[in-house]
Amino acid sequence: MRDTLVLNASFEPLSTVTLNRAVVLVLQDKAVVEQAHPELRMRGAAVDIPAPRVIRLCRYVRVPFRRQAPWSRRGVLVRDRHRCAYCGRRATTVDHVVPRSHGGQDTWLNTVASCAEDNHRKADRTPEQAGMPLLREPFEPTPADAMLLALGVDEFAALPDWLGMDAA
């Protein structure tokens with residue numbers, strides 16, 4: 001399933017929606033296509049439009065200010081691009097840098113993506129105690145960054161430069 005980035009009328013990222021939902025918003029004149037997939041087209045009996053990659057709403061939507069992206073296991077895996085923080089292989093689990101049994105919390109700065117082997121090997125210890133240094137430090141993404149990272153590496157690379165986020 002391809003995700004389409006939705007921008008507010010002021011060009012700030014709001015959310016991602018499915019390709020079908022994006023086409024419906026464009027056909028209902030609620031959004032305009034800012035960037036389309038170069039090789040994909042959506043065709044129907046009376047319509048033939050490029051498949052949208054980025055759409056912008058025609059009317060401004062007021063959104064409550066959100067200071068930080070909500071933490072989630074999926075969000076940690078996406079933030080770390082499904083790469084283990086200890087060995088660099090494919091990550092399938094989330095590890096707590098400071099274990100929960102030692103007071104560690106479910107926060108962006110205390111969790112990293114990890115492969116099952118390294119998560120089991122580290123067990124109930126800190127990286128220093130286990131002799132397993134982190135390849136990169138965990139960070140807290142902004143809500144907009146978290147949304148853009150959720151698009152995936154291939155989709156993210158194809159987004160326009162004016163969105164203003166560097167690949168993390």
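Trainee: Which backbone oxygen lies 3.1 Å from a polar atom of the side chain of Thr4?
Mentor: That of Pro52. One caution: this is a predicted model, where local features need pLDDT of at least 70, side-chain atom pairs count only at pLDDT 80 or more, and totals for chains, interfaces and linings use all residues. Residues are numbered from 1 along each chain as its sequence is written, and side-chain values use heavy atoms, with hydrogens and water left out.

Trainee: Is Thr4 buried or exposed?
Mentor: Buried, because its relative accessibility is 0%. Buried means under 20% relative accessible area, with a 1.4 Å probe and protein chains only.

Trainee: What is Thr4 in contact with, beyond four places in sequence?
Mentor: Its contacts (heavy atoms within 4.5 Å) include Ser15, Val17, Leu19, Pro52 and Ile55.

Trainee: Which strand is Thr4 in?
Mentor: Strand 1, residues 3-7. Strands here are DSSP E runs of at least two residues, helices H or I runs of at least four, numbered from the N terminus.

Trainee: New topic. What is the strand order in the sheet?
Mentor: 2-1-4-3, in an open sheet of four strands with mixed pairing. Two strands pair if DSSP finds at least two bridges between them. Strand 2 (13-18) and strand 3 (31-43) are the edges, each pairing on one side only.

Trainee: How many bridges join strand 1 to strand 4?
Mentor: Three, and the two strands run parallel. Val6 stands opposite Ile55 of strand 4.

Trainee: And which strands does helix 1 touch?
Mentor: Helix 1 (residues 19-27) packs on the sheet and touches strand 1, strand 2, strand 3 and strand 4.

Note on methods. Buried means under 20% relative accessible area, exposed over 50%, partly exposed in between (1.4 Å probe, protein chains only). A polar contact is a pair of N or O atoms within 3.5 Å; within protein, one must be able to donate a hydrogen and the other to accept it, and residues adjacent in sequence count only if both atoms are side-chain atoms. Axes are lines fitted to C-alpha atoms, for helices over the stretch in contact, and angles run from 0 to 180 degrees between N-to-C directions.
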